[in-house]
Structures are given as C-alpha cells and as structure tokens.
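Please look at the sequence and the structure below, and follow the report with the chain in view.

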Amino acid sequence: MIELKDVTVRYPNGVVGLDGVNLTIPDGQFVVVVGLSGAGKSTLIRAINGLVPITSGSLTVDGQEVSGASKRELRRLRSGIGMIFQSFNLVKRTSVMNNVIMGQLHDVPAYRSLVGAWTKEEKEIAYRSLERVGIVEKAWTRASHLSGGQQQRVAIARALAQDPTVMLADEPVASLDPPTAQMVMKDLQRINRELSITTLVNLHFLDLARQFGQRVIGMRAGQVVFDGTGAEADDAVFEQIYGRSLTADDVLPGA
Amino acid sequence: MTTTASSTAVAPARPRKPRPSPTLVGGLLAALAFTLWAGHQISFTLAPLFTNFANGWQIIERFLQPNWGYIFRVWDAWVETVAIAVVASAVGVVVGLVFAFMASRVTNRSPWLYRAVKIVLSVIRSLPDVAYVLIFVALVSIGSLAGILALIMFNIGIAAKLTSETIDAVDAGPLEAADAGGAGTLARARWAVLPQILPNYLSYCLYIFELNIRASVVIGLAGGGGIGQVINVQFSRFNYENVSAIVIAMFIVVLAIDQLSQYLRRRFV
Amino acid sequence: MTAPAARTARPQEPSKARATLVWIGLAVLLGGAVWLADARWDKLPGLLTQGWKYFQLMSEGVLQNPFTEPWSGYWTRAFDAMMESVYMAWVGTLVGAVLSIPFGFLAARNVAPQWAVQVTRVVLNLIRAVPELVFAIVIMLPIFGFGPIAGTIALGVGAVGTLGKLTAEALEGIDPGPVEAAQASGAPRSAILRWAYWTQVLPEVLAFWLYRFEINIRASAVLGIIGAGGVGTLLSQLFSKRAWDQIGITLLVIIAVTLVVDWISGSIRHRIISGGAVRKDAGEREQDKAEVAL
C-alpha cells in the first residue's frame with residue numbers, strides 16, 4: 001500500500017511539483033494519473049521511489065517511509081519498485097539480456113556484476129520476464145536494433161526482473177505509435193492482473209486513461225483535482241482537470 | 001530610441017559605432033605586451049637563420065645522408081620501444097578508467113572524493129613526461145622500467161581526462177533506470193555508463209598507444225630505455241647519420257601504427 | 001510482433017568464444033611486452049620505500065623558509081627557468097600560429113583547389129608525425145645553437161602540423177551562406193576569405209592556439225633536456241646532481257605555474273568560444289576534437 005499524507009515537493013528552483021497531496025493506493029490497484037505536462041504527474045511518480053525527494057509530509061510504501069531513508073534502505077526500497085520511462089532508458093549498446101539483468105543488480109555482488117558473470121538463476125529470471133512481455137526471441141539482440149515498442153517491452157521486462165510489488169510508469173506510451181501504445185498498455189494491465197502488482201501510470205491521452213484506469217487521478221498545478229473510476233471520468237471531468245476544452249490532441253489518434 | 005526634435009526628420013538617428021569592449025582591448029594589449037616581453041626574455045631572433053645557416057647546414061647535410069644499415073642493427077631497441085608502449089598503455093588506460101569514473105559527477109556522487117580526484121589529476125597532468133622519466137630514473141635507475149613508470153603516469157592523466165569528459169556527456173536515461181532499480185554505484189557505472197562510453201574509450205586507448213610510441217624519443221633521451229636511448233648515445237657521439245636513419249624509421253613506424261589503429265578503430269569501434 | 005500467449009523458443013546464448021579469444025590475445029600481447037621490455041621488474045617492490053625517502057628529501061627543500069639563503073635563490077632560479085619555458089611556449093605557439101594560417105587555408109577543401117589540398121595535407125601530416133624534439137635536434141640546434149631560440153622555433157614548427165589541420169577542418173565546417181552572399185555581391189576573392197571565412201572560424205582558431213600553448217608549455221620542458229633552455233635544462237642538471245631539495249622546489253614551481261597558466265588560458269578559451277561564436281555547440285565539439293588531435 002502506498003500512502004501520501006500532505007506531501008509537498010518544492011524543487012530547488014522554487015517550482016512546486018506537488019502541493020499538499022493526500023492519496024492512498026491499495027495493493028494491486030491499476031491507477032492512471034492524468035494532467036497536463038507540468039501538473040505534477042511525473043513528480044508524484046518519482047517521489048514514490050525517492051528519485052525526487054519530498055519537501056514535507058509523509059510518503060510510505062508498504063509502511064516504509066521513503067523520505068529520510070538511508071542510501072542503503074532507499075536502494076532496497078527501490079529494488080521492490082519497478083519503473084518504466086517515456087524514453088525507455090535502455091543501454092542501447094548492450095544486449096537485451098544485460099539490460100533486463102540490470103533490474104536485478106541490487107542483489108548481485110559487485111565482483112560478479114563487474115565482469116558480467118550472471119548465474120543461471122539470474123538469466124532464468126530475465127528469460128521469464130522477457131517471456132511475460134513476449135519478446136524472449138530478442139534476448140541476445142543489441143537493444144539498439146529493436147523498434148520503439150520492442151524497447152519498451154524490454155524496459156517492462158527489466159522492471160519485472162526486479163520482482164516488484166509496485167510498478168511505476170512515466171508516460172510509457174508517449175513515444176510510441178497508437179497500435180503499439182495499445183499493446184504496451186495491455187501488457188501493463190495483464191501484468192497487473194496476473195501478478196497483482198500495484199501499478200501507477202502517467203498518461204495524457206484521456207481515452208487510454210478511461211480504457212485502462214481502474215482508478216483515475218487527475219492532477220492540476222501539483223494538486224489532486226479528481227479521484228474516481230475510469231467510468232466516472234467523462235469529458236466534463238477532463239475539461240476540469242485540463243482547465244480547457246478538449247481537443248483532438250487529447251485522444252490517441254487512430255485508436 | 002531617441003528621435004530628433006524636428007518634425008521633418010522621419011528616420012531614427014543612426015546608432016553610433018559601438019566602441020570595442022574594454023576587456024577585448026585590454027586583452028589584446030596584454031597579449032601584445034606579453035609577447036614583446038617574452039620575446040625579449042628569450043632574446044628571440046631569427047638572425048642565425050641567415051648568419052649561421054651555412055655552418056648549420058654542414059651538420060644538417062650529415063643528417064640528410066642516413067645510414068640505413070643502422071636501423072636493423074638496433075633491432076632490440078625497437079622491440080623494447082614497442083614493448084614499453086604496450087605495457088605503459090595497458091596499465092595507464094586501466095588505472096585511468098578508474099580515475100575517470102571518480103572524476104565525473106555522473107558516476108561519483110561524493111562531492112569530496114570528486115574534488116580530490118580532480119585536483120590529483122590536474123597535478124598529475126601538469127608535470128611533463130620528462131619530469132616523470134627523471135624522477136623514475138632516480139628511483140629505479142636508468143632503463144625501461146623508468147620509462148614504463150613515467151609513461152604510466154602520463155597516460156593516467158590523459159586517459160582520465162578524456163574519458164571523464166565522455167562520461168559527463170552520457171545519456172542520463174539508463175542512469176535513472178539503474179537508480180530506479182536500486183543498483184549500487186559500481187554496478188551502475190559498469191552497466192549504465194561503461195557500455196555508452198566504450199567506443200570512445202577504446203579509441204582513446206589506441207590514441208594513447210600512438211602517443212607512447214611517439215614519446216619514446218623523449219623517454220629514451222632522459223634515460224627511460226628504448227630507441228630514444230640509442231638516439232641519445234649516437235647524438236652525443238656526433239653520429240648524425242645513424243640518428244637520422246633512426247628518426248626516419250621512427251617516422252615510418254609511427255605512420256604504420258597510425259594506420260593500424262585507424263583500421264582497428266573502424267573495425268571495432 | 002507475436003501475441004504474448006504464443007511462447008517463442010528461447011534463443012541460444014551467443015558464443016563467447018570471440019570475446020575470450022580477444023582477451024587471451026590481449027593477455028598474450030601484454031605478457032610478451034612485459035617480457036620483451038627488458039625492464040628490471042625486481043626493482044618495482046622497492047619503489048614505494050625509495051619514493052617515500054626521496055619525497056621526504058624533496059619536502060625538506062620545499063618546507064625551508066623560502067626567504068632565506070640559499071632557499072630563496074632556489075625558488076627564484078626555478079621560477080625564472082619555468083617562466084623561460086612559458087615564454088618559449090608562447091613565442092613558439094605564435095610562430096606556429098602565424099605559419100599555420102596559410103597552411104590551414106591551403107588545406108581546406110572549400111577554399112583551395114584539390115591538388116593544393118592534397119599537397120598541404122601531406123606536408124601537415126609529415127610535420128605532425130615528427131616530434132618537436134626531432135626538429136630541435138636535427139634542424140634547429142645546428143643553426144641556432146644551444147639555448148631557448150632553437151627550442152622556440154622547434155615548438156613553432158611542430159605546432160604548424162596540428163594547428164594547420166584544425167584550421168582547415170574549422171574552415172570546412174563553416175556556414176556556406178555568407179560565402180554565397182559575398183560571391184553574389186561580386187566581392188573579390190581576398191575579401192571573401194577575410195570576411196566570410198576568417199571571421200567565422202576566428203573564435204575557434206584562437207581557442208586552438210591557446211590550447212596548443214598549454215600543450216607547448218609541457219613540450220618546452222621536454223626540449224630543455226637537450227639543452228634548449230627552460231625548466232627542462234634546470235631539471236636535468238638538478239637530477240644529475242641529485243639535489244633533491246632543489247628538485248622538490250622546481251617540481252612544485254612547475255606544477256603551480258602550469259596549473260595557473262592552464263586555468264587562465266582555459267577560462268579565456270571558454271570565453272572566446274561561448275562569447276564570440278554563434279555556433280556554440282559546434283565550437284565545443286571542435287574543442288573536443290582538438291583535444292584528441294593535439
């Protein structure tokens with residue numbers, strides 16, 4: 001369970017990322033966070049695994065306080081939280097296998113990780129993660145040889161290899177074409193259902209948000225302005241979240 | 001914008017030509033003054049080029065008649081030169097890589113260690129290779145070990161500087177992913193950074209090897225072994241024909257290694 | 001893309017044979033080199049104790065009151081010798097810089113005719129392949145005799161190779177727009193070269209000159225050991241006398257002066273590149289290239 005109590009994030013340049021946010025996300029939920037860019041979606045996701053330190057308030061993941069955790073505690077905490085990025089963030093010059101094993105580096109001893117001497121079990125976990133996103137045939141391909149959609153699946157596999165309880169996805173489909181975006185979202189949904197991993201996804205396409213969001217959270221200027229089911233999130237709600245009338249850019253084209 | 005008071009003038013006043021900035025003028029004057037002062041201090045003159053050319057030419061003429069046979073008489077020294085360069089490059093680039101990781105904010109998150117390593121590296125780089133050879137000759141006596149140790153110091157400086165600048169410029173995405181996965185500092189450097197810098201690093205390695213071959217003249221003159229030592233001996237015995245034969249052979253070796261490393265760069269990098 | 005349900009077979013892990021062979025090859029090469037280098041490896045263990053001993057001797061010189069005799073004399077002598085190296089580097093770099101301008105234009109494909117480019121590039125490559133030390137020994141010492149001038153001219157000639165090459169590359173990378181504009185207005189060739197080409201590359205070229213100056217400071221010390229003046233000459237004298245206290249002082253002066261000059265030159269370079277050039281990124285890229293090339 002993820003709990004935010006009155007969480008505020010103020011960046012060093014004075015910009016307020018989160019402004020007194022209160023949220024409780026029970027285990028296994030599939031949450032979609034929507035809002036304009038700069039509304040605080042990204043900050044919310046990055047605060048949960050401590051990539052962005054919170055300024056005040058309390059943020060706990062499974063009872064463990066994120067802010068104030070020591071480096072070691074933070075690394076252990078992060079190892080239980082998978083993360084997926086808009087730009088995939090794969091190391092393009094190495095194999096898919098090495099990229100996926102990067103998800104397990106938190107408990108590979110240094111002397112083995114330095115030379116890349118992976119054990120059978122580590123490779124087995126990587127294979128299974130790749131199988132779950134249906135891309136195992138590319139295991140030994142260089143990441144730079146994959147298409148955008150394939151790279152994002154490898155990134156999901158990397159997060160899965162961590163054996164996480166929480167999955168965070170920051171605009172995971174913003175760099176993908178519509179059919180691929182659908183497929184990646186379905187992968188995330190399936191993983192959420194099969195493994196009951198709590199999943200938070202940032203999106204700005206409202207049709208995807210409605211389609212996949214078991215729960216939809218709307219953010220504006222660092223505050224939560226809507227919290228309900230995907231069915232409740234009609235156009236009026238989105239206009240309120242976005243603070244303007246909807247345009248064709250807000251829906252996934254061709255989906 | 002100022003306009004003239006008279007109503008007939010429609011065109012705005014022409015801007016005055018800006019004065020050259022005082023820093024620029026001051027800088028140029030300082031450079032000029034320093035040039036004159038420096039030239040005066042070393043009594044710079046090109047006069048010998050005209051007055052002493054005939055005398056000098058007699059010696060240069062001897063250089064122009066290389067004793068080709070001598071090149072292979074000192075075969076051992078050539079082998080030694082290449083061996084020195086191989087050992088010094090290998091050790092230098094490996095240690096340099098470790099320093100490079102510590103000399104970039106991307107991979108070193110301790111501000112203290114970062115500053116300390118930066119300072120150590122600038123000090124290492126500020127000493128010329130000759131100084132290192134002289135130091136190590138005093139420590140381990142004349143011979144190739146002194147040359148190897150001196151070149152290692154020299155190589156660490158260059159390898160660390162070039163590589164750490166490459167590390168500064170890597171794509172931050174994989175680093176963020178490694179952080180989000182809870183990877184430790186070492187694992188993060190090995191798997192999120194190293195693959196990204198590897199092509200550049202390998203080409204620095206080849207470049208450093210080339211530099212080491214070129215430097216062998218200097219190294220040997222100061223007592224660090226290899227072909228430079230032969231040049232030193234022949235030069236002090238006024239055997240200019242032998243010196244020029246070696247210099248020409250050296251030139252060909254450098255060109256050959258240059259070609260080889262360009263080939264390797266294309267092939268592997 | 002296959003549906004996730006349809007499990008595809010796991011691919012065979014690629015063989016590591018090639019990587020292993022490369023590593024073995026490198027190991028053999030290194031082992032052979034260690035063997036063939038004919039080094040007194042047995043002296044290596046003593047390095048630390050010896051080094052510590054001499055370090056203490058050097059520190060003794062540095063830690064004496066520098067305002068009393070004879071220490072004040074040592075400091076002055078080291079400083080004067082180092083400054084002589086700096087002067088040699090400065091004048092030498094200027095000589096090389098001036099000579100490199102015509103070479104640079106002649107080696108740029110978008111300025112000079114094809115045959116001139118080919119010939120100039122060969123000349124520049126020849127110069128680059130010969131160490132300054134060789135210029136000094138073979139040509140400069142016979143004519144100029146022992147002393148700083150031989151070293152200065154050798155540094156200058158040595159600088160022509162790299163500076164000419166980098167100037168040519170900078171000229172080839174200019175924005176062709178202004179050149180076309182000048183040609184369209186019927187400007188003479190000399191005016192085009194001066195205003196359309198030279199103004200565009202000036203900041204970068206100045207930065208290269210300064211960078212070469214930093215390099216030449218180190219190179220001028222090298223020339224000192226064959227008697228071409230500067231701190232190298234002093235250093236080799238001191239080492240042959242084994243005057244460790246003075247060596248310590250001299251090394252410290254070398255480090256301090258080099259760091260200060262590097263810092264000044266580096267900040268001017270950054271100013272020139274970021275202040276003068278519109279193509280800031282290009283300028284910085286050029287700098288990276290220069291650092292590898294110089």
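In this predicted model, helix α7 of chain A, which covers residues 178–195, lies across the strands β3, β7 and β8 of chain A, and the helix runs at about 160° to β8(A). Helix α6 of chain A, made of residues 148–160, lies across β6 and β7 of chain A, with a direction at about 170° to β6(A).

The strands named here belong to an open sheet of 6 strands in chain A, whose order is β6-β7-β8-β3-β9-β10 and whose pairing is mixed. At the edges stand β6 (81–84) and β10 of chain A, each of which pairs on one side only. If direction is ignored, neighbouring strands of this sheet are turned by 20° against each other on average. Strands of a sheet pair through backbone hydrogen bonds, and they may do so in a parallel or an antiparallel way. Some of the pairings in this sheet are set out below.

| Strand pair | Sense | Bridges | Residues opposite each other |
|---|---|---|---|
| β6(A) and β7(A) (residues 166–169) | parallel | 4 bridges | A:G82 and A:M167 |
| β3(A) (residues 30–34) and β9(A) (residues 215–220) | parallel | 4 bridges | A:V32 and A:V216 |
| β9(A) and β10(A) (residues 223–228) | antiparallel | 5 bridges | A:I217 and A:D227 |

How many residues lie between β9(A) and β10(A) in their hairpin? There are 2 residues between these strands, and A:A221, which is in the turn, has a positive phi of about 50°.

Taken as a whole, chain A has a secondary structure of 9 helices and 10 strands. The radius of gyration of chain A is 18 Å, which is close to the 18 Å that the globule rule gives for 255 residues, so chain A is as compact as a globular protein of that length. Along its principal axes, the C-alpha trace of chain A spans about 55 × 45 × 35 Å. Of the 255 residues in chain A, 50% are buried. Among the contacts in chain A between residues at least 6 apart in sequence, 67% join residues that are at least 24 apart.

A further topic is the contact between chains C and B, to which chain C gives 52 residues and chain B gives 52 residues. On the side of chain C that touches chain B, helix α5 of chain C (residues 132–144) gives the most, with 8 residues. Sorted by class, this side of chain C has 39 nonpolar, 6 polar and 7 charged residues.

Notes: Residues numbered from 1 in each chain as written. Chains lettered and ligands numbered in written order. Predicted model: local features only at pLDDT ≥ 70, side-chain atom pairs only at ≥ 80, totals over all residues. Pairing = 2+ DSSP bridges. Axes fitted to C-alpha atoms, helices over the stretch in contact; angles between N-to-C directions. Contact = placed C-beta atoms within 7 Å. Nonpolar A, V, L, I, M, F, W, Y, C, P; charged D, E, K, R; others polar. Rg over C-alpha atoms; globule rule 2.2 N^0.38 Å. Buried ≥ 20, exposed ≤ 12 C-beta atoms within 10 Å, placed from the backbone.
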